[in-house]
Amino acid sequence: MLPLTSSGILGPVPKRPSPTTVASRATALTRAVTSRVTALSRVVTSRVTAFSRLFTARRLRRLLVVGTLGVALAVGVAFGCAQWVRSAADGHIYDAASVPAAPVALVLGAQVGADGQPSAFLAARLEIARQLLEAGKVKAILVSGDHGAWAYDEPGAMQNWLVARGVPADRVAQDHAGFDTYDSCVRANKIFGVREAIVVTQDFHLPRAVALCRGQGIDATGVGDSTVRVFKQMWLRGEVREYGAAVKAAADVLTARDPIFLGPYETSVDQAVSRG
């Protein structure tokens, strides 16, 4: 039996490694662990990156396909609705000299300046209506536009412009709730009793306006203005806008929505026509 040493351990006391040896072994162990962790990290990162690239590529392909189909559908719908507009208005658009006579000229509103003066586009429409009245093509003028805010009054500005140029005030009727083309056509028929009219607006807007009014039971023809084509940027914007507006027009007709405001029957058009 081995004797107890002074430290209480059987046998000889084991030799303790030197601090240098301990540090060296710790360093080697740390390096080994770090190397393993780094290698594992690289493998995981590589696999995650590969999966991410695969997932991203698939997702991008799907998004590209869905986006392409969506754009194609939107373009198809826009062109289809534009074709419907042109077809509905075909044969009903004239110049001021050849348009058949009608009781009323319906002038659709457009921007009015802060000074109360019609924009160039609106003034051109009003001039055509004035000429139609002067030539005996119509007996009265219905001006339809936005008067949703007290300080902004398209119909009032339109009547003032006409009266200032010799049109008798009692030959002009105002529709203060013509917030868009569809509303103007519906209200002309349901609120003002218009059954036959010459619609007046710019050339690019005219087919849609005629189509919508005819869709509301009005025997509508149209006379368009092209004199403001000199404002090339605004004219181009109007032409492009018509594709989207045609989609809205088709939706309005299909849903047969009521205009923002209807209200009771108004006799102002009847009275203006009777004075003609």
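Which residues lie nearest the centre of the largest pocket? They are Gly109, Ala110, Arg125, His205 and Arg241, in a lining of 32 residues. This is a predicted model, in which local features need pLDDT of at least 70 and side-chain atom pairs count only at pLDDT 80 or more, while totals for chains, interfaces and linings use all residues. Residues are numbered from 1 along each chain as its sequence is written, and side-chain values use heavy atoms, with hydrogens and water left out.

**Largest pocket**
- The volume of the largest pocket is about 750 Å³ (a pocket is an open set of points on a 1 Å grid over the protein atoms alone, where a 1.4 Å probe fits, with protein on both sides within 12 Å along at least five of seven lines; lining residues have an atom within 4 Å of a point).
- Volume denotes the space filled by probe spheres set on the points, which are joined across faces, edges and corners.
- At least two lining residues come from each of H2 (120-134), H4 (181-190), H5 (206-215) and H6 (232-255) (helices are DSSP runs of H or I, at least four residues, numbered from the N terminus).
- H6 supplies the largest share, 9 residues.
- The lining comprises 12 nonpolar, 10 polar and 10 charged residues (Ala, Val, Leu, Ile, Met, Phe, Trp, Tyr, Cys and Pro count as nonpolar, Asp, Glu, Lys and Arg as charged, the others, Gly among them, as polar).

**Second largest pocket**
- The second largest pocket has a volume of about 230 Å³.
- Its lining residues include Ala82, Arg86, Asp203, Phe204, Glu239 and Tyr243.
- Helix H1 (19-89), H5 and H6 each contribute at least two lining residues, and H6 gives the most, with 4.
- This lining holds 6 nonpolar and 5 charged residues, but no polar ones.
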